Amino acid sequence: MATALVTGASAGIGKSFAEQLAARGHDLVVVARDEARLTDLRTRLEDVHGVAVEVVTADLSERLDVQDVADRLADPARPVDLLVNNAGYSLGSPFLENDVVDEEHLLAVLVRAPLVLSHAAARAMRRRGHGAIVNVSSVAGFLATGTYAAAKSYVTTFSESLAAELAGSGVTVTALCPGLTRTEFHERAGIRGQGLPDAFWLDADTVVRQCLDDVDRGRVVSVPGVQYKAAVGLLDVLPRGVARSRAFRRRHRPGT
């Protein structure tokens, strides 16, 4: 039975990954800061799906906690076949209105943690000749709307680069780039998306289902939803200035 490790597994897209992977018969290692939520998730998944679920409590803004998870990924006695780097959040305010320490913590979670964990997982998987890594990025990474978008741009490019490096090894890498998805994420960031039609919102379970299908196909960049596939395609051909448009920033401003 394969084992998957999911960060940010206590809510939203990460929780959906855990649920769908358990339904597929994967044992799980679930990682997040909220131990109580993880314990509840473990109990439910073990009862419903009969899989083994290991709980790892970690704050991925802390380098030592990241290393604990990396060591778990590198453990040859307990191989992990699928890594989902999902943990993330947004500050929800413009760069210059945030404390730089908060920006550094954001960078640590969105960029440093996926880098460190992908390094540990990819080395272990390459030695075994099989495995898959999913790095949860965002359609925001194709825009220029602040440091969250910049971090997600890094995640997508990093994933593409790592996929190329691992070509032929039996290990795949997929950058998942969802658009607006109904989870706790936007509520915590103070991003309401007022005025956006329902058609712009995705369902977390659908996002994860489409991503796992793309992983099975070996696809490097997964963009769920025809509306966002079209948007990303347009951004590839439109002048770069469109990605810097204030219209995009207003859509994501807290309180709007």
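Let's start with the second largest pocket: its lining is Leu 115, Ser 118, His 119, Ala 122, Arg 123, Arg 126, Phe 158, Leu 162, Glu 165 and Leu 166. Two elements each give two or more residues to that lining, helix 4 and helix 5. Helix 4 gives the most, with six residues. By type, the lining splits into five nonpolar, two polar and three charged residues. The volume of the second largest pocket is about 160 Å³.

A word on the model. It is predicted, so to speak of local features we need pLDDT of at least 70, side-chain atom pairs count only at pLDDT 80 or more, and totals for chains, interfaces and linings use all residues. Residues are numbered from 1 along each chain as its sequence is written, and side-chain values use heavy atoms, with hydrogens and water left out.

Now the terms. On a 1 Å grid over the protein atoms alone, a pocket is an open set of points with protein on both sides within 12 Å along at least five of seven lines. A cavity is a set of points where a 1.4 Å probe fits but cannot get out. Lining residues have an atom within 4 Å of a point. Grid points are joined across faces, edges and corners, and a volume is the space filled by probe spheres set on the points. Ala, Val, Leu, Ile, Met, Phe, Trp, Tyr, Cys and Pro count as nonpolar, Asp, Glu, Lys and Arg as charged, and the others, Gly among them, as polar. Helices (H or I, at least four residues) and strands (E, at least two) are DSSP runs, numbered from the N terminus.

Next, the cavity. Searching the whole structure turns up one cavity of 30 Å³ or more. The largest cavity has a volume of about 40 Å³. Which residues line the largest cavity? They are Asn 85, Asn 86, Ala 87, Leu 110, Pro 114, Asn 135, Val 136, Lys 152 and Val 155. Helix 4 (100–128), strand 5 (131–136) and helix 5 (147–165) each give two or more residues to this lining. Five of the lining residues are nonpolar, three polar and one charged.

Take Asn 135 from that list. Asn 135 is found in strand 5. Buried or exposed? Asn 135 counts as buried because its relative accessibility is 0%; the cut-off for buried is under 20% relative accessible area, using a 1.4 Å probe and protein chains only. Leaving out residues up to four places away in sequence, Asn 135 touches residues including Asn 85, Pro 114, Ser 118, Val 155 and Phe 158. Contact means heavy atoms within 4.5 Å. Asn 85 stands opposite Asn 135 in strand 5.

Seven strands form an open sheet, in the order 3-2-1-4-5-6-7, with parallel pairing. Two strands pair if DSSP finds at least two bridges between them. The edge strands, each pairing on one side only, are strand 3 (53–57) and strand 7 (221–222). Strand 4 (residues 82–85) runs parallel to strand 5, joined by four bridges. Strand 5 and strand 6 also run parallel, with six bridges. There, Ala 132 stands opposite Thr 172 in strand 6. Strand 6 is mostly covered, with five of its six residues buried.

Last, the whole protein. Its secondary structure comes to nine helices and seven strands. Of its 256 residues, 49% count as buried.

Methods: Buried means under 20% relative accessible area, exposed over 50%, partly exposed in between (1.4 Å probe, protein chains only).
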